[in-house]
Amino acid sequence: MSAAQRSLQVGVLAVQGDFGAHSRVLRELGASPSEVRTPEQLDELDGLIIPGGESTTITMGMEAAGLDEGVHSHHRAGRPILGTCAGMIVCDDRHLGLIDATARRNAFGRQLQSFEADLEVEGIGPDPLRAVFIRAPWIERHGAGVEVLASWEDHPVVVRDGSVLACAFHPELTDDARIHALFMAVVSETVRERELS
């Protein structure tokens, strides 16, 4: 069955964070979401979301469950990944190494410095996106092959490196599903390419 005939299978890493909210958005966009807690659950996925939370806790939980190698295999197969907030940190070159970029933890400040901002994000249309930053990182270094899709105060907060999309905020906490829709478009594109190869 082709991608046009079935729902995309998108997993949400369920080690920590608001994975339920991501699943709700995915369902609204027509995907078939699943909560991922074991490496075996990654096998049939078209895409994966690594949600926010606490990056050290997520990394330790992934290692304990054997999910780190499973996520690497998912990535090597060219299947897309979206990392949000702490998920951006987990994807960086100091952790899983899925993007050629370094994220700075709590870059905008701690919990009390959480804020919302309107961002112009390349690839989602001209209207600004309301972004919720909670103990958010930013990208402090990135390679030449990394696309910066949005910045706040000159700091990259949405980037893409091949099949990996990463954002510094929580797109699941608003009614604007355009970050998830952009990710779904990347997933659809890679599924089509796989079917044609």
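A pocket here is an open set of points on a 1 Å grid over the protein atoms alone, with protein on both sides within 12 Å along at least five of seven lines; its lining residues have an atom within 4 Å of a point. Grid points are joined across faces, edges and corners, and a volume is the space filled by probe spheres set on the points. The structure is a predicted model, in which local features need pLDDT of at least 70 and side-chain atom pairs count only at pLDDT 80 or more, while totals for chains, interfaces and linings use all residues. Residues are numbered from 1 along each chain as its sequence is written, and side-chain values use heavy atoms, with hydrogens and water left out.

With that settled, the largest pocket comes to about 160 Å³ of space. Its lining is made up of 13 residues, and Gly53, Glu54, Ala86, Asn106 and Arg135 lie nearest the centre. Sorted by class, that lining has 5 nonpolar, 5 polar and 3 charged residues (nonpolar: Ala, Val, Leu, Ile, Met, Phe, Trp, Tyr, Cys and Pro; charged: Asp, Glu, Lys and Arg; polar: the others, Gly among them).

Asn106, one of those residues nearest the pocket centre, sits in the loop between β5 (101-104) and β6 (115-119); strands (E, at least two residues) and helices (H or I, at least four) are DSSP runs, numbered from the N terminus. Asn106 is not a glycine, yet it has a positive phi of about 45°. Its relative accessibility is 19%, so it counts as buried (buried is under 20% relative accessible area, exposed over 50%, partly exposed in between, with a 1.4 Å probe and protein chains only). Asp154 is another non-glycine residue with a positive phi, this time about 70°. It belongs to the loop between β9 (147-152) and β10 (155-161), and with a relative accessible area of 76% it is exposed.

Next comes the nonpolar core, meaning a set of buried Ala, Val, Leu, Ile, Met, Phe, Trp, Tyr and Cys residues joined through side-chain atoms within 4.5 Å. The largest one has 60 residues, and Ile50, Val121, Phe133, Val157, Val158 and Phe169 have the most contacts inside it. Helix α5 (residues 178-196) gives this core its largest share, 6 residues. Among the buried residues of α5 are Ile179, Leu182, Phe183 and Met184. Ile179 turns up again as a partner of Val121, which also touches Leu129, Leu149, Ala150 and Val158, leaving out residues up to four places away in sequence (contact means heavy atoms within 4.5 Å).

Val36 is part of β2 (residues 32-36) and counts as buried at 0% relative accessibility. Beyond four places in sequence, its contacts include Gly11, Val12, Gln41 and Leu67. Thr102, in strand β5, is buried at 6% relative accessibility. With neighbours within four places set aside, Thr102 is in contact with Asp92, Asp93, Arg94, Trp138, Ile139, Glu140 and Arg141.

Thr57, in helix α2 (residues 55-65), counts as partly exposed at 37% relative accessibility.

Terms used: 1 Å grid on protein atoms, 1.4 Å probe; cavity = no way out; pocket = protein on both sides within 12 Å on 5 of 7 lines; lining within 4 Å.
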